[in-house]
Amino acid sequence: MTYKDKVIHALEQLNGHAYLSDIYQIFEEISYSETLPKSYKAIIRATLERNSSDSVIFDGNENLFYSVDGIGNGHWGLRNFNASDNIELSQEDDEFCEGKQLLKKHLLRERNPVLISKAKKNFINSHGHLYCEICGFDFEEKYGALGENFIEAHHIKPISTMSDGEKTKISDIVMVCSNCHSMIHRKKPWLTKETLKALLKEE
């Protein structure tokens, strides 16, 4: 498998999008029988950027990946990922057919990394720091310097439903932690910030 194939496989295992640290981990598991070069993480980052039109080093060939929160934030997605919500397994299901090659054609809506950057800056200006608007989780408070200025940004209106040229306002972006972001996307239509807040159980 090439680096590109392994990155695609890693993102498929990670539900279509993930942070670099998680991509590295899956990549290492896939490559367990190989001796990886010291620069393998840099090669992974370069592979993502060369195959993403979000990046200035996009090689113009395969547009496989997208930057979820803007280049530099380390959160990447697989453009053609389709999660299956209808797989049910029993104890007898221990063998599966895999590896069938599929050709997929798809249209993707463009994300604007500048919007996310401005939304985060506005939030910091208003609240002093970044935290989840649903559960209040603060990455810097929990992880120290590693979590400084980190948060995920959620579009209230799905980008896939937007018409060409439709504009998104900064007020349409919600700051969320990874857990709340995943929970918002578990149902269709997406849960609202207020609905998810109401579902949170008090300790």
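This is a predicted model: local features need pLDDT of at least 70, side-chain atom pairs count only at pLDDT 80 or more; totals for chains, interfaces and linings use all residues.
Helix α3 spans residues 40-50. Its buried residues are Tyr-40, Ile-44, Thr-47 and Leu-48. Viewed down the axis of α3, these buried residues fall within an arc of 95°, so they line one face of the helix.

Ser-67 is buried, at a relative accessible area of 5%. The Ser-67 side chain makes polar contacts with backbone atoms. A polar atom of this side chain lies 3.0 Å from the backbone oxygen of Gly-70. The side chain of Ser-67 also reaches the backbone nitrogen of Ile-71, at 3.1 Å.

Charged pairs were examined next. Side chains of opposite charge can pair when their charged atoms come close. With a cut-off of 4 Å between a side-chain nitrogen of Lys or Arg and a carboxyl oxygen of Asp or Glu, the count comes to 3 salt bridges.

One of them joins Lys-4 to Glu-62, with the closest N and O atoms 2.3 Å apart. This pair links distant parts of the chain. Lys-4 sits in helix α1, Glu-62 in the loop between α3 and β2, and 58 residues separate them. Lys-4 is partly exposed, at 26% relative accessibility. Glu-62 is partly exposed too, with a relative accessible area of 36%.

Arg-79 forms a salt bridge with Asp-54, the closest N and O atoms being 3.5 Å apart. Arg-79 belongs to the loop between β3 and α4 (113-127) and Asp-54 to the loop between α3 and β2, so the pair ties together parts 25 residues apart in sequence. Arg-79 counts as buried, at 13% relative accessibility. Asp-54, at 25%, counts as partly exposed.

Glu-133 and Lys-193 also meet through their side chains in a salt bridge, at 3.2 Å from N to O. Glu-133 lies in the loop between α4 and α5 (139-143), and Lys-193 in helix α7 (residues 193-199), so this pair ties together parts that are 60 residues apart in sequence. Buried means under 20% relative accessible area. Glu-133, at 19% relative accessibility, therefore counts as buried. Lys-193, at 24%, counts as partly exposed.

Conventions. Residues are numbered from 1 along each chain as its sequence is written. Side-chain values use heavy atoms; hydrogens and water are left out. Buried means under 20% relative accessible area, exposed over 50%, partly exposed in between (1.4 Å probe, protein chains only). Helices (H or I, at least four residues) and strands (E, at least two) are DSSP runs, numbered from the N terminus. The arc is that of the directions from the helix axis to the C-beta atoms. A polar contact is a pair of N or O atoms within 3.5 Å; within protein, one must be able to donate a hydrogen and the other to accept it, and residues adjacent in sequence count only if both atoms are side-chain atoms.
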